[in-house]
Amino acid sequence: MEILVCIKRVPDTAENEIEVNRDGSDIERDDLVYSVNEWDNYAVEEAIQIRDKVGGSITVVSVGDEDAEEVLRREMAMGADKGILLSDNAFEGSDGEGVATILKAGIEKGNYDLILTGAQADDGAGQIGGMLAAMLDWPYASLVNIIDIVDDKTIKVGREIAGGNQEMNEMDLPCVLSIQTGINEPRYVGIRGIRKVASMEIPMLGVKDIELLSESVGKSGAKVKRLDYFVPELGEGAEILEGSTDEIIDKLTELLKAKGGIK
Amino acid sequence: MTQRIFAYIIHKKGVVDDTALEMVSAAQRLGIDAPITAVVAGSGDELGTVCNAMAASYAEVWKIDDDALAYINAEVLRELLVRILPTDGIVLIPHEHFGMDLAPGLSVKLGAAYLPDAVDFEGIEDGYLKAVREEYSGQVNTHVLCDISQGAVVTVRPGIFKADESQALQGQIVDKSSEALEEGRTDARRRYIEIVEAEVGDVDITKSEILVSVGRGIEDEDNMEIIFDLAEAMGGDVSCSRPVVDAKWLEKSRQVGTSGQTVKPKVYLALGISGAFQHLGGIKGSPFIVAVNKNSKAPIFQSADIGVVADILDFVPELTDRINEMKG
Ligand SMILES: Cc1cc2nc3c(=O)[nH]c(=O)nc-3n(C[C@H](O)[C@H](O)[C@H](O)COP(=O)(O)OP(=O)(O)OC[C@H]3O[C@@H](n4cnc5c(N)ncnc54)[C@H](O)[C@@H]3O)c2cc1C
Ligand SMILES: Nc1ncnc2c1ncn2[C@@H]1O[C@H](COP(=O)(O)O)[C@@H](O)[C@H]1O
């Protein structure tokens, strides 16, 4: 089975406090630590498990600038066979539709049976997988946390729905799935693994290479444009307890007792 | 001509989802002076019940009735919607499990813009809808402009807009079934099989009055002990956010949120939890919420009553000791 996994390089929210820059044109990027979007690691792990069971190969692809190469390499160290970086000045400022359009053009240069994306990335949109599938006219399922390969034409997938219940579906290949966290336990990537793939070539493809004619990519083609970043105006919010730890605990235990929080 | 506004109604077994009336308020916030049409798909009597209920809140109700929609498959429905919706309409869909499945592809097939997970609208400027979104799990917000000239599919975050129960309309129910099904159904390349219910765990957190809830901030499985110790001292139960379940440190049945359990405790402690909307969506009944987080800007402090900016690994054991002392 030929599997493609779409991955995005994002600021690691576990490692950074995200702040807005002075004029609100961007977030403060100077000291940000970046990593692979959390959901994408689960998608790559799932691809590895499928390949190891039924054979085939895995390609990881990212739309981004040169820095995105490092996350592609990380996923190759994890076990993906190939990486492709889709990068061009003309891609800058693309909205979701633009990114999906670029991915589609890249995908048409290959031959894939299964495409995996993460359920969502740093802007919480959850849009790329569904748009890409519709553009390719392939079937789609979102929030997948079970995949069973039936044969080379069909798979069974479980979608996670409200209450943690599972919606089981049968799907025809080729198809696109967005992967939910918890589907597996992504393997650890050590420094040795990264070293092993350090010299592997990752082709960088631009507008000409993928024969992209669409007007819908880049800033000018975007139907959805980000105007600014801002810190939400704080509503009432929590009363923050101040003082020494002892004082805070005094106050807190008192409150908890009053509210029935200590039995 | 003004653009038409549509709201997709989620319902289950004849019961309308909370988002159905939230969409009324959301649509009003768009700043477009046009009647709002509810779109309701399903089959049989249950569908009729839902349509009647919606006619009180929406000027018009479009009904798609088909046996194949007894359980709605987003892929099948999308095709039917494309046949009946105008290409320049504004279609509001709740940003939840079904909406996320349907909406992105629907926008592509309608040739409309896609605006995901909007939390507020600030009106129309020169053919652009100005909206507010959150990024980085609510740490910062952005304003976006969405070109609505060729229509737009907009997903709306559940629980943000207040349900509008004030409407007393006698909306017209329009049966769109034959128009939607005129060309038949496409043979679905994704076929629904069944629902597998979530497993029941050792504790039922939906019944707990005191919940000590732990998130990714606990950092390591070995640290989980301090959470159980605190819960025991308080006489409560341990629940958690999603990453704790993903890491297999606790059972799925202890997960609070839209893809976990809906809880209604009196007191809820959020320890090392950032406060993502999918987590908060599982907390009902306005409990007294205490958040402990080392990041003073964590979004959880917006929803909590009381906040403590501290490292839970230090703070929680001290709190436990004090409670145990108090109890003697
Ligand atoms: C479709 C869908 C459904 C979902 N359903 C759910 C759901 O049902 N329930 C759910 O919880 N999530 C759900 N999620 C995931 C959700 O979006 C968030 O990713 C998740 O809630 C984050 O969990 P968290 O707050 O524990 O982790 P994080 O967001 O990583 O936050 C960890 C927090 O801990 C703080 N912290 C770190 N270390 C310490 C320390 N030592 N002391 C104090 N504080 C510390 C950090 O400042 C941070 O605020 C869903 C997502 C999707 C896409
Ligand atoms: N720039 C990108 N390059 C490759 N894949 C992406 C990119 N942006 C988003 N994706 C994929 O789409 C998923 C969902 O992201 P989003 O729709 O942006 O929330 C991610 O988990 C990735 O799999």
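The questions and answers below concern a predicted model with chains A and B.

Residues are numbered from 1 along each chain as its sequence is written, and chains are lettered from A in the order in which they are written. Local features need pLDDT of at least 70 and side-chain atom pairs count only at pLDDT 80 or more, while totals for chains, interfaces and linings use all residues, and side-chain values use heavy atoms, with hydrogens and water left out.

Me: How many residues of chain B are in the contact with chain A?
Reply: Contact here means heavy atoms within 4.5 Å. The side of chain B that touches chain A divides into 38 nonpolar, 20 polar and 27 charged residues, where Ala, Val, Leu, Ile, Met, Phe, Trp, Tyr, Cys and Pro count as nonpolar, Asp, Glu, Lys and Arg as charged, and the others, Gly among them, as polar. Chain A brings 81 residues to the contact, and the number from chain B is 85.

Me: What area is buried between chain B and chain A?
Reply: The size of an interface is often given as the accessible area lost when the parts come together. Buried area is accordingly the accessible area (1.4 Å probe) that two parts lose on being put together, summed over both. Carbon and sulfur atoms give 55% of the area between chain B and chain A, which is about 7,300 Å².

Me: Which residue of chain A forms a salt bridge with B:Lys109?
Reply: A salt bridge is a side-chain nitrogen of Lys or Arg within 4 Å of a carboxyl oxygen of Asp or Glu, and 14 of them are counted between chain B and chain A. In the salt bridge of B:Lys109 the closest N and O atoms are 3.2 Å apart, and the partner is A:Asp137.

Me: Why does B:Glu75 count as buried, and which residue has its backbone nitrogen 3.4 Å from a polar atom of the B:Glu75 side chain?
Reply: B:Glu75 lies in helix α3 (residues 74-84) of chain B, helices (H or I, at least four residues) and strands (E, at least two) being DSSP runs numbered from the N terminus. B:Glu75 counts as buried because its relative accessibility is 12%, and buried means under 20% relative accessible area, exposed over 50%, and partly exposed in between (1.4 Å probe, protein chains only). Leaving aside neighbours within four places in sequence, B:Glu75 is in contact with A:Trp138, A:Pro139, A:Tyr140 and B:Arg190.

Me: Is A:Asn165 buried or exposed?
Reply: A:Asn165 lies in the loop between β8 (154-160) and β9 (166-172) of chain A. Not counting residues up to four places away in sequence, A:Asn165 touches A:Arg159 and A:Glu160 together with B:Ile195, B:Val196, B:Glu197 and B:Ala198. Because its relative accessibility is 15%, A:Asn165 counts as buried.
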